[in-house]
Structures are given as C-alpha cells and as structure tokens.
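Please view the sequence and the structure below, and then read on.

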Amino acid sequence: MSEPADPEASAEPMIKRAASIEQHAVDAGEGLSKSVLVGPDDGAPNLAIRRFELEPGGSVPKHTNEVEHEQYVLEGQYIVGIDGEEHTVVAGDSLFIPAGTVHWYRNDGDDPGAFICAVPNGDDTIELLE
C-alpha cells in the first residue's frame, strides 16, 4: 500500500492579482466584508489569508471559531473584545485569538477598519453567542 501524497509536494506557486479578488458581505456581522487573498482554492495546502473590512458603526457579535486566528490591523481603529475585555486596536497592531476563544468586534469610529486574518485550512465553524 502506498503512502498518501504530501499536499505540499504538489503545491504550485501562484500570484493572485488584486483585480481578481472579490469582497463579500459577511452575514455574521453588520458592516463586515471579507475577501480571500490566498486559500485552498488557490492551491495553498495549509493556511488561508483573508482581508476583512469593518465599516464605521459595524459590529460582529460575540462568537467562537474552531480554529485559531492570527490578525494584523491594516488601517483604522476599532474595538476587539477578547474573553470579556475590550481592546482598541490600530494599524500595525497584531492579535492572536486561540481556537474556542470568545471574541467580537465593533467600529465606533468615523473611518473603516481593515485587518488581515490568517487561519489554518479546514472547517472553521462559527458559533454565535448573542
């Protein structure tokens, strides 16, 4: 019996042009949209990199995810709640949110906030808590 193929062995380099990346509304939040910059559909075997935008007045209710999140704030200022504490984040800040951690977002400002989020590929079930 042969060993299963290593998914990284068959991965091909890829460049995805900005014009081909679509932004879509996220139903779990108000004023939140997401684009997948790189993910499994692009041949990435392990991680997905996504870009989120949170409009002024936008929010995402308390929730958990089955996978960890590494985030980098690109622009703006907004509130991130993590395990009962709220933190103001600004461009240049980085976050680590472990799998199963309760978190939420709120943009009380006048400008949009944007961040990149890297997650492992696979199921990422979101459980809304509110």
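The count of aromatic pairs comes to 4, where rings of Phe, Tyr and Trp (its six-membered ring) pair if their centres lie within 6.5 Å, and where planes under 30 degrees apart count as stacked, over 60 as edge-to-face and the rest as tilted. One of these pairs is formed by Phe 52 and Phe 115, which are stacked at 5.1 Å centre to centre with 15° between the planes. This pair links distant parts of the chain, since Phe 52 lies in strand S3 (residues 47-65) and Phe 115 in strand S9 (residues 113-120), 63 residues apart; strands (E, at least two residues) are DSSP runs, numbered from the N terminus. Phe 52 is buried, with a relative accessible area of 10%, and Phe 115 also counts as buried, at 3%, where buried means under 20% relative accessible area, exposed over 50% and partly exposed in between (1.4 Å probe, protein chains only).

Tyr 78 and Tyr 105 form a tilted aromatic pair, 6.5 Å centre to centre and with 50° between the planes. Tyr 78 belongs to strand S5 (residues 77-82) and Tyr 105 to strand S8 (residues 103-106), so the pair ties together parts that are 27 residues apart in sequence. Both tyrosines, Tyr 78 and Tyr 105, are buried, and together with Phe 52 and Phe 115 they form one aromatic cluster.

This is a predicted model, in which local features need pLDDT of at least 70 and side-chain atom pairs count only at pLDDT 80 or more, while totals for chains, interfaces and linings use all residues. Residues are numbered from 1 along each chain as its sequence is written, and side-chain values use heavy atoms, with hydrogens and water left out.

Turning to charged groups, the count of salt bridges comes to 5, each being a side-chain nitrogen of Lys or Arg within 4 Å of a carboxyl oxygen of Asp or Glu. The table gives some of them.

| Salt bridge | N to O distance |
|---|---|
| Lys 16 and Asp 42 | 3.1 Å |
| Glu 86 and Arg 106 | 3.0 Å |
| Asp 108 and Arg 106 | 3.0 Å |

Glu 86 is partly exposed, with a relative accessible area of 44%, and Arg 106 counts as partly exposed at 26%, whereas Asp 108 counts as exposed at 54%. Elsewhere, Arg 51, Glu 53 and Glu 75 are linked in a network of salt bridges.

Terms used: Helices (H or I, at least four residues) and strands (E, at least two) are DSSP runs, numbered from the N terminus.
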